[in-house]
Amino acid sequence: MILYFSGTGNTRWVAQQIAEAIGEQLLYIPDLIKEGNYQLTLKADERLGICFPTHGWQPPRIVREFIRKMTISGIEKPRFCWALTTCGDSAGEAMTILNKELEKKRMKAESLFSVIMPESYVCLPFMYTDSEEKEQRKIAQAKQQIVHIIDIIKACCQGVEELEKGATPRLYSYVIGGYFNKKMVTDRKFTVDSDVCIKCGKCVKVCPVDNIEGTPPVWMHSGKCTSCLACYHYCPVHAINFGKITRKRDQYYFNRREDRR
């Protein structure tokens, strides 16, 4: 069983490759939450994987909250538990934070991976999407890395830690990331240019937490927003922005360039 969360598709693509290779089911955390399904049933020989994008050098709040509520039935604990995070350049201490959540469930991700994927967060002055060349280079490297990760998961190898933490991971995760996840994970800065919006409803469909309604879109201020930026990146006419900073930024979602060819 693989649990995953994804906003712009990077993590979904990685998780799909692994699920197909190891022959285990792939479950989308937002769907489980909408269903109120926090009880996982694992077979005796089944592994448990958790895949998520790094948000502010931490696991996304939606992932942490799901883990706090989840229970596992059928067996006391998974045969093998592993975790993978995707990130634009570094993950900081995201996996340390994840394992602290799992420890409360008397579990631990025994092997840990980070996969560098194209950048999608563009709401800070120094954050931009990657060039097409860099984007394709990252995806090509990720494809090779995933083959290696699949071999490790199939063999249930414990103690593997292949993480790009960055130069100062504690600073990233606990200081900068702490501020980011407390203050900047919000829907209150999203706006729509109503004269540009084509009322396609794409933003409503791609929001993983059902936090947008109507056309032109209205954000519900429900506290569920993950700041995954799916609404911003998937908008076909760039009518959505986060404050003023994204107006001159590009958009990205997995396979976007192929979709437009």
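**Ground rules**

I am working with a predicted model, where local features need pLDDT of at least 70, side-chain atom pairs count only at pLDDT 80 or more, and totals for chains, interfaces and linings use all residues. Residues are numbered from 1 along each chain as its sequence is written, and side-chain values use heavy atoms, with hydrogens and water left out.

**Entry 1: α3 and α4**

I started with helix α3 (residues 61–69) and helix α4 (residues 94–103). My helices (H or I, at least four residues) and strands (E, at least two) are DSSP runs, numbered from the N terminus. The axes of α3 and α4 come within 9 Å and cross at roughly 20 degrees. I noted that this makes α3 roughly parallel to α4. For the axes I use lines fitted to C-alpha atoms, for helices over the stretch in contact, and the angles run from 0 to 180 degrees between N-to-C directions. Angles under 35 degrees count as roughly parallel, over 145 as roughly antiparallel, 65 to 115 as roughly perpendicular and the rest as oblique.

Which residues make the contact? I found Arg64, Ile67 and Arg68 on α3, and Ile97, Leu98, Glu101 and Leu102 on α4. Contact here means heavy atoms within 4.5 Å. By class, I get four nonpolar, no polar and three charged residues for α3 with α4. My classes: Ala, Val, Leu, Ile, Met, Phe, Trp, Tyr, Cys and Pro are nonpolar, Asp, Glu, Lys and Arg are charged, and the others, Gly among them, are polar.

**Entry 2: how covered is α4?**

Seven of the 10 residues of α4 are buried, so I wrote it down as largely enclosed by the rest of the structure. Buried means under 20% relative accessible area, exposed over 50%, and partly exposed in between (1.4 Å probe, protein chains only). The buried ones are Ala94, Met95, Ile97, Leu98, Asn99, Glu101 and Leu102. What covers them includes β4 (48–53), α3, β6 (81–87), β7 (111–116) and α6 (169–184).

**Entry 3: α1 and α5**

Next I looked up helix α1 (residues 10–22) and helix α5 (residues 132–154), whose axes come within 10 Å and cross at roughly 40 degrees. That makes α1 oblique to α5. On the α1 side I listed Trp13, Val14, Gln17, Ile18, Ala21 and Ile22, which meet Ile139, Ala142, Lys143, Ile146, Ile149, Ile150, Ile153 and Lys154 in α5. This contact of α1 with α5 divides into 11 nonpolar, one polar and two charged residues.

**Entry 4: aromatic rings**

I found eight aromatic pairs in the structure. Rings of Phe, Tyr and Trp (its six-membered ring) pair if their centres lie within 6.5 Å; planes under 30 degrees apart count as stacked, over 60 as edge-to-face and the rest as tilted. The rings of Phe190 and Trp219 have centres 5.4 Å apart and planes at 10 degrees, so I call this pair stacked. Phe190 is in strand β9 (residues 190–192) and Trp219 in strand β11 (residues 218–219), so the pair ties together parts 29 residues apart in sequence. Both Phe190 and Trp219 are buried. Ring pairs link Phe190, Trp219 and Phe242 into a cluster.

**Entry 5: two single residues**

Is Phe5 buried or exposed? Phe5 is buried, with a relative accessible area of 0%, and lies in the loop between β1 (2–4) and α1. Gln16, in helix α1, is partly exposed at 31% relative accessible area.
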